[in-house]
Amino acid sequence: MTGSLDELPALLSDLYRIVERLETMAPGRKFTPDGHLVGSIGEAVAAYAYGLELLPASVKQHDAQTPSGKYVQIKLTQGQSVALSYDCEHLLVLQLDRRKGFVEVYNGPGTPVWLLIEGKQEVGRQRQIRISRLKQITTDQALSLPQVRPFPAVLPKALEAAGVEFIPEDGGGAGVRLRKADTPGATTSPPSFAATIGTALDALPKRAAVEDLPPSTSPQEVPER
């Protein structure tokens, strides 16, 4: 189900560069990607970095599958907690800080995390667990999914595209400075917000319909609404 994700790092940099620009133009207003967008970004980044095959969006409990057949639930947060509704075979939790980039928080069996969630008697209802608590869970490293590619670098490329130069350490310490207007590579103005959002979304893997799933071995599905 997963298409080519080679353009993902560049497109995510464009997306967050536009967010930074909008927040500069409208002080006090937040343009943070959230909801379905941040969920899809998390799934695409995980597929890119861990070599996963994304499942159709209508599959319950799991979002992707490893080459060996293990089912994976993927969560991306820009805050300090994630929400789970079901137990899963394997859980991959990523955190995104626009100043630091993507960070792996948890990569292991889903059951140890599910056992920690209080009030899970209401099946299907989302329950929160803190990132700090996830980091305290110890699992066998041999059970972790191997990372096959580095995470897309969101902030550095976005800053470079906006005209910021990173100065290497030369005895006086590393730093940053604004690129001169006549320096090759300097940009004049970013593309439109709508155009960048559209391009980034087009690069995310297209999800198949429920009827495209194999009839026997797929996880439990829920009907589309």
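View 1. Strands (E, at least two residues) and helices (H or I, at least four) are DSSP runs numbered from the N terminus. This is a predicted model, in which local features need pLDDT of at least 70 and side-chain atom pairs count only at pLDDT 80 or more, whereas totals for chains, interfaces and linings use all residues. Residues are numbered from 1 along each chain as its sequence is written, and side-chain values use heavy atoms, with hydrogens and water left out.

**View 2. The pairing of S5 with strands S3 and S6.** Strand S3 (residues 71-77) runs parallel to S5 and is joined to it by 6 bridges, with leucine 94 of S5 as the bridge partner of leucine 76. Strand S6 (residues 101-109) runs antiparallel to S5, and 8 bridges join the two. Leucine 94 has glutamate 104 as its bridge partner in S6, while leucine 92 stands opposite asparagine 107 of that strand.

**View 3. The open sheet that contains S5.** Five strands form an open sheet in the order S1-S2-S3-S5-S6, with mixed pairing, where two strands pair if DSSP finds at least two bridges between them. Strand S1 (53-54) and S6 are the edge strands, each pairing on one side only.

**View 4. The whole chain as context.** The chain comprises 6 helices and 9 strands, and buried residues make up 40% of its 225 residues.

How values were computed:
Buried means under 20% relative accessible area, exposed over 50%, partly exposed in between (1.4 Å probe, protein chains only).
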